[in-house]
Amino acid sequence: ERLQKTLDNGMSHPLVMDIGGASVPVQSWRNVMYGREQRYQFRALIYALNGRQKALWVPTWADDLTITQTVSAGAAAITVANVGYTRFANGRTGRKDIRIELHSGQVFYRRIVGSEELNTEEERLAINEPLNVQIQPSEVAQVSWLALMRLDSDTVTLEHVTDSEGVARSQLIFKGVRDDDIS
């Protein structure tokens with residue numbers, strides 16, 4: 001989504017201005033909860049966000065980057081399949097932070113602080129701190145982008161499909177916020 005303003009006097013083509021200068025990611029979450037404990041955790045998140053007031057880091061939950069070489073324990077860089085990051089996205093809002101999830105369930109959150117294109121197949125991304133474990137490419141389940149987002153609405157509907165021990169569902173829509181000032 002883009003922050004746009006349209007001026008139309010009805011005489012000619014309308015003038016459309018891009019106020020934000022960048023797109024704003026919008027993401028929808030569908031939640032299905034089973035039992036009281038999951039409902040409690042969901043409500044705790046909703047109360048903590050306080051509507052649109054507070055932001056949180058939301059992953060895309062997509063396989064956005066593919067690690068192609070072994071990451072040594074002390075390395076502050078990862079080698080990934082070339083996706084044009086160095087050319088088109090280096091340092092851009094929404095493309096600086098990543099979530100690395102391993103098949104073991106271990107998760108790492110890192111910020112990309114630099115990049116270089118090694119060849120047409122690979123890029124090296126410098127990260128803000130080493131992972132402190134050696135990782136083989138086969139151990140990586142997913143590498144996702146992270147975006148700073150907040151709820152798009154101050155109200156959330158929780159639909160109770162069955163009783164308190166059964167199923168409930170809800171849908172949340174998150175809208176991105178600028179993270180330029182966050183280091």
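1. Residues are numbered from 1 along each chain as its sequence is written, and the model is a predicted one, in which local features need pLDDT of at least 70, side-chain atom pairs count only at pLDDT 80 or more, and totals for chains, interfaces and linings use all residues. Side-chain values use heavy atoms, with hydrogens and water left out.

2. Strand E6 (residues 97-102) and E7 run antiparallel and are joined by five bridges; strands (E, at least two residues) and helices (H or I, at least four) are DSSP runs numbered from the N terminus, and two strands pair if DSSP finds at least two bridges between them. In the hairpin of E6 and E7, four residues lie between the strands, and glycine 105 takes a positive phi near 100 degrees.

3. On which strand does serine 115 find its bridge partner? The partner is leucine 125, in E8, and E7 and E8 pair in the antiparallel sense over five bridges. These two strands also form a hairpin, with four residues between them.

4. A salt bridge is counted when a side-chain nitrogen of Lys or Arg lies within 4 Å of a carboxyl oxygen of Asp or Glu, and a search of the whole structure finds nine of them. One of these joins arginine 52 to aspartate 154, with the closest N and O atoms 3.0 Å apart. Arginine 52 lies in the loop between H1 and E4, and aspartate 154 in the loop between E9 and strand E10 (159-160), so the pair ties together parts that are 102 residues apart in sequence. Arginine 52 counts as partly exposed at 41% relative accessibility, and aspartate 154 counts as partly exposed at 47%; here buried means under 20% relative accessible area, exposed means over 50%, and partly exposed is in between (1.4 Å probe, protein chains only).

5. Another salt bridge brings together the side chains of glutamate 117 and arginine 87, at 3.5 Å from N to O. This pair links distant parts of the chain, 30 residues apart, with glutamate 117 in strand E7 (residues 107-117) and arginine 87 in helix H2 (residues 85-89). Are the two partners buried, partly exposed or exposed? Glutamate 117 is partly exposed, at 31% relative accessibility, whereas arginine 87 is exposed, at 61%.

6. Glutamate 116 also forms a salt bridge, in this case with arginine 124, the closest N and O atoms being 3.5 Å apart. Glutamate 116 is partly exposed at 41% relative accessibility, and arginine 124 is partly exposed with a relative accessible area of 31%.

7. Leu3, Leu7, Leu15, Met17 and Ile19 make a nonpolar surface patch of about 460 Å². Patches are built from residues with over 30% relative accessible area and no salt bridge, like charges being joined within 9 Å and nonpolar side chains (Val, Leu, Ile, Met, Phe, Trp, Tyr) within 5 Å, while accessible areas come from the Shrake-Rupley method with a 1.4 Å probe, where for residues only the protein chains shown count as cover. Strand E1 (2-7) and strand E2 (15-23) each supply at least two residues of the patch, and E2 gives the most, with three. Leucine 15 lies in E2 and is partly exposed at 47% relative accessibility.

8. Asparagine 50, in the loop between helix H1 (35-49) and strand E4 (55-59), has a phi near 55 degrees, a positive value in a residue other than glycine. Asparagine 132, in the loop between strand E8 (122-127) and strand E9 (140-151), has a positive phi near 65 degrees.
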